[in-house]
Amino acid sequence: MDQDMCSLFCFSADIISTVEFNYSGELLATGDKGGRVVIFQHEQESKNRPHLRGEYNVYSTFQSHEPEFDYLKSLEIEEKINKIRWLPQQNAAHFLLSTNDKTIKLWKISERDKRAEGYNLKDEDGRLLDPFRITSLRVPVLLPMDLMVEASPRRIFANAHTYHINSISVNSDHETYLSADDLRINLWHLEITDRSFNIVDIKPANMEELTEVITAAECHPHQCNVFVYSSSKGTIRLCDMRAAALCDRHSKFFEEPEDPSSRSFFSEIISSISDVKFSHSGRYMMTRDYLSVKVWDLNMENRPVETYQVHEYLRSKLCSLYENDCIFDKFECCWNGSDSAIMTGSYNNFFRMFDRNTRRDITLEASRESSKPRATLKPRKVSTGGKRKKDEISVDSLDFNKKILHTAWHPKDNVIAVAATNNLYIFQDKIN
C-alpha cells in the first residue's frame, strides 16, 4: 500500500468540495466553494523518461455556478459545487453534471485546434461586409491554431428541489440520472430540463413528525431500475423502479442492529450515513458513518459483511467533537477499480485505506511536508494513551480543522486523488 507522490495542486482560497475521475481516469474534475470546476488531464508517459509515469495537469477551468438569491423565500443560494458526475464518453467531447444546492447543469467540454478563415460576408475582425461590394466568392478554409478547451452549458435542470441537493448519480442506461435532497429523490432525463419524476418522497404531512432525512443516493452500476438511498438514522433502502412509479416501499432494507450496551447521547448522530457507493461489480455497497466504513452484500440485509474502523480513537472525544460541530462532518468513501480496496478520509489530513483481501489497513497523511515529488509516504499511527512511540501522534494533538472529506480512486490504476481543504493531492503506486 505504499504510495508515491505524483502531484500537488494548491488552490488559493477556495475549499475543494468534490473530486471525481471520469470513466477512463484520463480526466479528474474538482469543484470548490467558489462555484468553479477545475479539470485535470493525465499527461502521457514520456518516452525519454519511462520510469516517470504521467502526471495530471490543468486542462480546463470554468465557473459552473454563481451565487443566487431566492426572493420568495429570502434565501441566499451559494455557488458551492456539491457534486460532480461524469457521463460516459460517446464522442470526442466530454460531458459532466455539476450541482450546487438547487440547480444541476450539464456541461460539454470540447477541444478546438482549428479556425475557419476566408469568409465572404465577414472581414478578418468578424465585422459584416456590405454584400453589394462583394465581387468574388471564396471557399473558407480551416487553419491550425493553438489548442483551446471550451466548456459550455448544454442543459440547466432547475426548480425541482425545495431542499438542498446532496447527491446526483448517472444511471447505467446513460439517458437518465437521479438527484436527491433531504426529503425527495427525482429522476431526470438528460434531454428534458423542464420536468422530472419524483420517485421518493419521505416528507411527512406534519414537519414536526420528521424523524430522518435522506443523506445520499446512488444508481446501481448495471441495473438501471435499481437505486439505493441512505438516511440519517443509519439505514439504507434499496428500491426497484419497476415495482411502482413512486418508490415509497423499498425492496430491501439494510440496517445493523445496535448494541444496547454501547448506546450513548451521540449514537444517533454518529450512525448517520454520509456516503453510499455501489461496488463496480454491483454485488456490494459501501456506507460511511462517522466512525466506520461498512461493506454490505446486496443479498444480506441484516448486517454488513465487513466493518472497518476509521478512527475509533475518537469515540472518547465525541463530546468535544459535538461542541465544535465536527461530529456533523460528512466523509465520503470510494472503491478501487477492482473492488479489492476502499479508501476514506479522517482528521489531521489523514486518510485510511483498507485491503479487503488481506484485511490490512494503513493510515497516510496528505501534507505539504510530505509532498516532495516522488517522495514515499510513511504510514502514520495515532496513540490513544500511555507511552507514545517515536513515530506516533497523540490523539490530543490531532488538528480537527484539517480534514479529508473528499477522495477519488482512478477506475483502472492505483492512482488516488485526495482533497485536503484547499489543496488537491494526487498519489500513485510506488515505482520500484
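## A charge over a ring

A charge sits over a ring if NZ of Lys or CZ of Arg is within 6 Å of the ring centre and within 35 degrees of the ring normal. With that in mind, look for R356 in this predicted model: R356 lies over the face of Y284, 4.8 Å from the ring centre. You can find another case at Y119, where the charged end of K122 sits over the ring at 5.3 Å from its centre.

## The whole protein

Now step back to the overall fold. The protein has 32 strands and two helices. Its radius of gyration is 24 Å, close to the 22 Å that the globule rule gives for 432 residues, so the protein is as compact as a globular protein of that length. Of the 432 residues, 48% are buried.

## Rings that pair up

How many aromatic pairs does the count come to? The count comes to 18 aromatic pairs. One of them joins F62 and W107: the ring centres are 4.5 Å apart and the planes meet at 40 degrees, so this pair is tilted, falling neither under 30 degrees (stacked) nor over 60 (edge-to-face). The two residues come from distant parts of the chain, with F62 in strand β5 (residues 56-63) and W107 in strand β10 (residues 104-117), 45 residues apart. Both F62 and W107 are buried.

Y177 belongs to strand β13 (residues 176-180) and W188 to strand β14 (residues 184-189), and eleven residues separate the two. Are these residues buried or exposed? Y177 has 0% relative accessibility, so Y177 counts as buried; W188, at 2%, counts as buried too.

## A cluster and a surface patch

Some rings gather in a group: F265, F266, Y322 and F328 form one aromatic cluster. Three residues named there, F265, Y322 and F328, also make a nonpolar surface patch of about 330 Å².

Where is Y322 placed? Look in helix α2, which covers residues 318-323.

Methods: Residues numbered from 1 in each chain as written. Predicted model: local features only at pLDDT ≥ 70, side-chain atom pairs only at ≥ 80, totals over all residues. Heavy atoms only, no water. Phe/Tyr/Trp six-rings, centres within 6.5 Å; stacked < 30°, edge-to-face > 60°. Helix = DSSP H or I, 4+ residues; strand = E, 2+ residues; numbered from the N terminus. Buried < 20%, exposed > 50% of the residue type's maximum accessible area, 1.4 Å probe, protein only. Patch = residues over 30% accessible without salt bridge, like charges linked within 9 Å, V, L, I, M, F, W, Y side chains within 5 Å. Areas by Shrake-Rupley, 256 points an atom, 1.4 Å probe, with all protein chains shown as cover. Salt bridge = Lys/Arg side-chain N within 4 Å of Asp/Glu carboxyl O. Rg over C-alpha atoms; globule rule 2.2 N^0.38 Å.
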